[in-house]
Amino acid sequence: MTTPTPATRCIEELRAALGAEAVVTDDSEMTRYQTAARYDGGKAAFVARPRDIDGVSAAVAICRRHGVTLIPQGANTGLVGAGVPDATGSQGILSLDRLAREIEVDTANRSVSVPAGVLLSTLNEELGRHGLAYPIDLGADPSIGGMVATNTGGARFIRYGDVRRSVLGLEVVLADEAGTILDLGGGLRKNNVGLDLKQLFIGTGGAYGVVTRVDLEVQPLPRQSATALVVPESRGAVMPLLLAAEAAFGSDLTSFEGMSGEAIACVFRHIPDTRNPFAPEPVPDYAVLIELTRSTGEAEAQDRLAAHLGDFLEQQLEAGAIVNGVTDHPASLWKIRHSISEALREEGKVIGLDISARRGDLEYFRAEAKALVARDYPWLLVCDFGHCGDGGDHFNLVWPHRDAPAYDAGVAGLVRKRLYEMLVDRFGGSFSAEHGIGPANRAYRKSLLAPARLDLEARLGDLLTQGKLLGRAFG
């Protein structure tokens, strides 16, 4: 007689507590939960899909009893492998995709209370009915809980900040024996009764608890916008251009996004219905997408905003700070920016580095990193792009499908290690600006972060969870 495994006993209890339909064990049905957006996925023993917080609490408590590790998962759009199981087949996935009901908009408080499983697009569709928006802009369509777990930034960080800046409260389930439900909500902007405990669950990948509901500050829906794609005179001119834009536009400046020529060229090669807006000129070595927005509703405001941007570009052209600029339809220009990740996957195997540095150091890091790659790994394409307005960059390398040596994971890991060490040691930067840790970056925490910090994080985790149960975010 076969002895039941801990996972088997878990499945039986989960079905009794959540309902048979809420526990998936069929391999074909689990595929989409086990497959990572980047890097390899794993194999799960089961997928638990509770429909409310009590179900999440029950799932956590049951798995706690049987010692089965749970991997919290939102929309599974993460890029560091933290939302999928390992290859052992012994871990369970806790999917929050059914926690997607009852969005509560409070127009007087300009806030929203939203279940963790709701997608960003769904939230903004509902908020739009009230003249509001959650303005974090991403190429993917993640769940709100996943955005909290990774502390997402995105393309409009320069104006609106990251998720942390807008979280007013959380509802979480701790990974203890009872699956304790903790309410850290209320929608208050000011609350100093003690430790701001919600911060423990923002950007920590679910390691300390499962976020089930989020209270967010939201913004008035933008009613006017003006967008331009400009070519700086050189990469050294990017930072002066940013400072000039901040001085000229103030809070109207919503985005300042840089894109390398290699990344842009990949878009035009692989993404239909995209075109070079600078034609007949070739694709530039580097371009910056500048966006202005306003929430005022006057009929003339759109023309005034576009004219303001146009005047600025003329001044920068006359000063020699930029050598070209186009003000095409915003959707066309944003499509180039949002299509880069997909285009790079078509070009080759992506070695994704989600990094940040002080704004003034970013170009110096890029120059040294690019020189290292050109010298030691000349077949790799440097296809960086991202949020130079806030010091962030997706310094992505592409190992081409053609005209390159066969992909070697060991070499890819070595170049990543060398670039991270350069970033941290020479520039004091971060090797995970907004994607989180997960298996893809776990080893670098141990080698690049101070032991005292890691020890404090571990002791805090033990206090909250009474031993590791949740996730592959940190350890």
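This is a predicted model: local features need pLDDT of at least 70, side-chain atom pairs count only at pLDDT 80 or more; totals for chains, interfaces and linings use all residues.
User: Let's start with H14 and H15. At what angle do they pack?
Analyst: Helix H14, residues 409-427, and helix H15, residues 438-448, pack at about 40°. Their axes are 11 Å apart.

User: Is the crossing of H14 and H15 left-handed or right-handed?
Analyst: The crossing is right-handed.

User: Which residues meet there?
Analyst: From H14 you have Gly413, Arg416, Lys417, Tyr420, Glu421 and Val424. On the H15 side they meet Asn441, Tyr444 and Leu448. By class, that contact holds four nonpolar, two polar and three charged residues.

User: OK, switching to H9 and H12. How do their axes cross?
Analyst: H9 (residues 261-270) and H12 (residues 340-347) cross at roughly 75°, and the axes come within 8 Å. Since 65 to 115 degrees is the perpendicular range, H9 is roughly perpendicular to H12.

User: And what's in that contact?
Analyst: H9 brings Ala263, Cys266, Val267, Arg269 and His270, which meet Ile340, Ala343, Leu344, Glu346 and Glu347 of H12. The contact of H9 with H12 has six nonpolar, one polar and three charged residues.

User: New topic: Arg366. Where does it lie, and is it buried or exposed?
Analyst: Arg366 lies in helix H13, residues 362-376. Its relative accessible area is 5%, under the 20% cut-off, so Arg366 is buried.

User: What does Arg366 touch?
Analyst: Leaving out residues up to four places away in sequence, Arg366 touches Arg235, Ser260, Asp384 and Phe395.

Methods. Residues are numbered from 1 along each chain as its sequence is written. Side-chain values use heavy atoms; hydrogens and water are left out. Axes are lines fitted to C-alpha atoms, for helices over the stretch in contact, and angles run from 0 to 180 degrees between N-to-C directions. Helices (H or I, at least four residues) and strands (E, at least two) are DSSP runs, numbered from the N terminus. A crossing is left-handed if the near helix is turned anticlockwise from the far one by less than a right angle, and right-handed if clockwise. Contact means heavy atoms within 4.5 Å. Ala, Val, Leu, Ile, Met, Phe, Trp, Tyr, Cys and Pro count as nonpolar, Asp, Glu, Lys and Arg as charged, and the others, Gly among them, as polar. Buried means under 20% relative accessible area, exposed over 50%, partly exposed in between (1.4 Å probe, protein chains only). Angles under 35 degrees count as roughly parallel, over 145 as roughly antiparallel, 65 to 115 as roughly perpendicular and the rest as oblique.
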